[in-house]
Amino acid sequence: MHVLAGPLSERRFDPDSFDPLPSLNDYGQVAQVLASVSRSDKVLKKRLFIAARRQLKKMLCENWCLVTRVATAIKNNRTLSGDELDSLIFGAEMEKAA
């Protein structure tokens with residue numbers, strides 16, 4: 001369900017300009033996963049989707065400062081190496097723990 005992180009982040013960052021059309025592929029991937037769980041039980045699929053979206057929203061809320069930190073670094077530098085990304089994420093976790 002991690003593919004929903006992009007659309008949910010975009011919606012949270014700027015709800016007025018969010019366009020779901022570019023996210024159709026993400027939602028299609030989620031539909032495929034849910035179809036593999038249950039081909040016929042629409043209620044189950046809907047409950048799983050809602051639960052996953054709720055959990056993802058919680059995770060984004062709890063880590064929003066990291067999301068914005070990474071987004072700002074990408075905006076400023078255009079790219080990030082794996083080491084730079086690790087530093088942004090894990091350096092922040094070390095600061096939290098201190």
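Is Leu 8 buried or exposed? I looked this up before anything else. Leu 8 is buried, because its relative accessible area is 9%. Buried means under 20% relative accessible area, exposed means over 50%, and partly exposed lies in between, with a 1.4 Å probe and protein chains only.

**Entry 1. Ground rules**

I am working with a predicted model, where local features need pLDDT of at least 70, side-chain atom pairs count only at pLDDT 80 or more, and totals for chains, interfaces and linings use all residues. Residues are numbered from 1 along each chain as its sequence is written, and side-chain values use heavy atoms, with hydrogens and water left out.

**Entry 2. Confidence**

I checked pLDDT, the predictor's confidence in each residue, from 0 to 100. The protein averages 85. Of the residues, 92% score at least 70. Confidence is highest in α3, with a mean of 91. Confidence is lowest in α5, with a mean of 75. Where pLDDT is low, the predicted coordinates should not be read in detail. My helix labels are DSSP runs (H or I, at least four residues), numbered from the N terminus; strands would be E runs of at least two.

**Entry 3. Leu 8 and helix α1**

I went back to Leu 8, which is found in helix α1. I listed its contacts, meaning heavy atoms within 4.5 Å. Leaving aside neighbours within four places in sequence, Leu 8 touches Arg 53, Leu 56, Lys 57 and Leu 60. I also took a distance to Pro 20, 12 residues away along the chain. The C-alpha atoms of Leu 8 and Pro 20 are separated by 10.0 Å.

Pro 7, Leu 8 and Ser 9 are buried in α1. What do the buried residues of α1 pack against? They pack against α2, α3 and α4.

**Entry 4. The largest nonpolar core**

I used this rule: a nonpolar core is a set of buried Ala, Val, Leu, Ile, Met, Phe, Trp, Tyr and Cys residues joined through side-chain atoms within 4.5 Å. The largest such core has eight residues: Val 3, Leu 4, Leu 8, Val 30, Leu 34, Phe 49, Leu 56 and Leu 60. The largest share, three residues, comes from α3.

I then looked at Ala 52, in helix α3. Ala 52 counts as buried because its relative accessible area is 16%. Ala 52 and Val 30 are 22 residues apart in sequence. Their C-alpha atoms are 10.0 Å apart in space.

**Entry 5. The largest pocket**

I searched on a 1 Å grid over the protein atoms alone. A pocket is an open set of points with protein on both sides within 12 Å along at least five of seven lines, whereas a cavity is a set where a 1.4 Å probe fits but cannot get out. Lining residues have an atom within 4 Å of a point. Grid points are joined across faces, edges and corners, and a volume is the space filled by probe spheres set on the points.

The largest pocket has a volume of about 160 Å³. Its lining is Ser 9, Glu 10, Phe 13, Trp 64, Val 67, Thr 68, Ala 71, Thr 72 and Lys 75. Which element gives the most to this lining? It is α4, with six residues. Both α1 (5–13) and α4 (64–77) supply at least two residues each. By class, I count four nonpolar, three polar and two charged. Here Ala, Val, Leu, Ile, Met, Phe, Trp, Tyr, Cys and Pro are nonpolar, Asp, Glu, Lys and Arg are charged, and the others, Gly among them, are polar.

**Entry 6. Loops**

Pro 22 lies in the loop between α1 and α2. Pro 22 counts as exposed because its relative accessibility is 61%. Pro 22 and Pro 7 are 15 residues apart along the chain, with 8.7 Å between their C-alpha atoms.

Leu 21 is in the loop between α1 and α2. Leu 21 is exposed, at a relative accessible area of 59%.

Arg 78 sits in the loop between α4 and α5 (82–97). Its phi is near 70°, a positive value in a residue other than glycine. Most residues other than glycine have a negative phi. Arg 78 is exposed, with a relative accessible area of 74%.
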